[in-house]
Amino acid sequence: MQSIEESPFLFKNLVCSFQVEFLARTFPQAVFVHCRRNPIYVAQSLLRCREQYRENREAWFSVKPEAYPELKDLPYPDQIAGQIYHTRRHVEDTFQQLSEVRYCRVDYETMVDAPVSSLDHISVVVEQAGGTLERREGVSLPRLTSTNERVIEASEFERLRSSCRHFFETNQFM
């Protein structure tokens with residue numbers, strides 16, 4: 001697609017989190033951007049998706065990390081926190097196998113609060129990798145609004161927070 005349009009190609013796809021090695025080999029000029037969000041809000045989102053799309057908090061939703069067999073029989077707050085932890089761990093471990101000019105990290109919260117500086121950071125990494133991103137003067141970005149707020153019952157939120165703390169603090173990874 002990039003060669004046909006003669007311009008950079010960008011897409012967001014969580015499933016590709018487990019395909020970074022393949023994609024890096026297939027697209028040697030690709031730069032990977034990992035947008036990280038506070039795990040508690042990712043957990044809340046996954047819980048809401050389980051309820052909305054599976055109509056069951058216990059029913060798995062979205063990607064299955066390698067640790068899925070160990071996670072699937074845990075209580076749902078631990079399943080969700082473990083899913084987030086192991087997915088993020090996989091991405092980070094894979095990034096360590098790439099040249100530093102092939103990836104960057106952007107925090108969701110920073111992207112929302114300061115999108116121009118986040119995009120500038122991505123642009124620097126793309127340029128270091130040999131690519132270019134055209135900055136269009138006079139084009140304003142829409143105001144981004146964070147969705148990092150509790151929208152589920154406080155007790156459920158605290159159960160998810162506790163599980164996230166367990167996975168992320170016990171494993172010394174955030």
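This is a predicted model: local features need pLDDT of at least 70, side-chain atom pairs count only at pLDDT 80 or more; totals for chains, interfaces and linings use all residues.
Residues are numbered from 1 along each chain as its sequence is written, and side-chain values use heavy atoms, with hydrogens and water left out.

Ala129 is located in the loop between helix H7 (115–128) and helix H8 (154–170); helices (H or I, at least four residues) and strands (E, at least two) are DSSP runs, numbered from the N terminus. Ala129 counts as partly exposed because its relative accessibility is 27%; buried denotes under 20% relative accessible area, exposed over 50%, and partly exposed the range in between (1.4 Å probe, protein chains only).

The protein chain contains 8 helices and 2 strands, arranged from the N terminus in the order α-α-β-α-α-α-β-α-α-α. Its C-alpha atoms fill a box of roughly 50 × 35 × 30 Å along the principal axes. Of the 174 residues of the protein chain, 36% count as buried. Among contacts in the protein chain with a separation of 6 or more, 68% are accounted for by residues 24 or more positions apart.

Helix H3 (residues 39–54) has 16 residues and reaches 21 Å from its first C-alpha to its last, close to the 22 Å expected at 1.5 Å a residue; the expected span is 1.5 Å times one less than the number of residues. The buried residues of H3, including Ile40, Leu46, Cys49 and Arg50, pack against helix H5 (76–95) and H8. H3 is followed by Glu55, which has a positive phi, near 55 degrees.

The axes of H3 and H8 come within 9 Å and cross at roughly 125 degrees. Axes are lines fitted to C-alpha atoms, for helices over the stretch in contact, and angles run from 0 to 180 degrees between N-to-C directions. H3 and H8 are therefore oblique to each other, given that angles under 35 degrees count as roughly parallel, over 145 as roughly antiparallel, 65 to 115 as roughly perpendicular and the rest as oblique. The contact involves Pro39, Ile40, Tyr41, Ala43, Gln44 and Leu47 of H3, together with Glu156, Phe157, Leu160, Arg161, Cys164 and Phe168 of H8. These residues divide into 9 nonpolar, 1 polar and 2 charged, where Ala, Val, Leu, Ile, Met, Phe, Trp, Tyr, Cys and Pro count as nonpolar, Asp, Glu, Lys and Arg as charged, and the others, Gly among them, as polar.

H5 has 20 residues and reaches 28 Å from its first C-alpha to its last, close to the expected 28 Å. Since 16 of its 20 residues are buried, H5 is largely enclosed by the rest of the structure. H5 and H8 pack at an angle of about 40 degrees, with their axes 8 Å apart, which makes H5 oblique to H8. Residues of H5 in this contact include Tyr76, Ile80, Ile84 and Arg88, and those of H8 include Arg159, Ser163 and Phe167. The residues of the H5 contact with H8 divide into 10 nonpolar, 3 polar and 4 charged.

Notes: Contact means heavy atoms within 4.5 Å.
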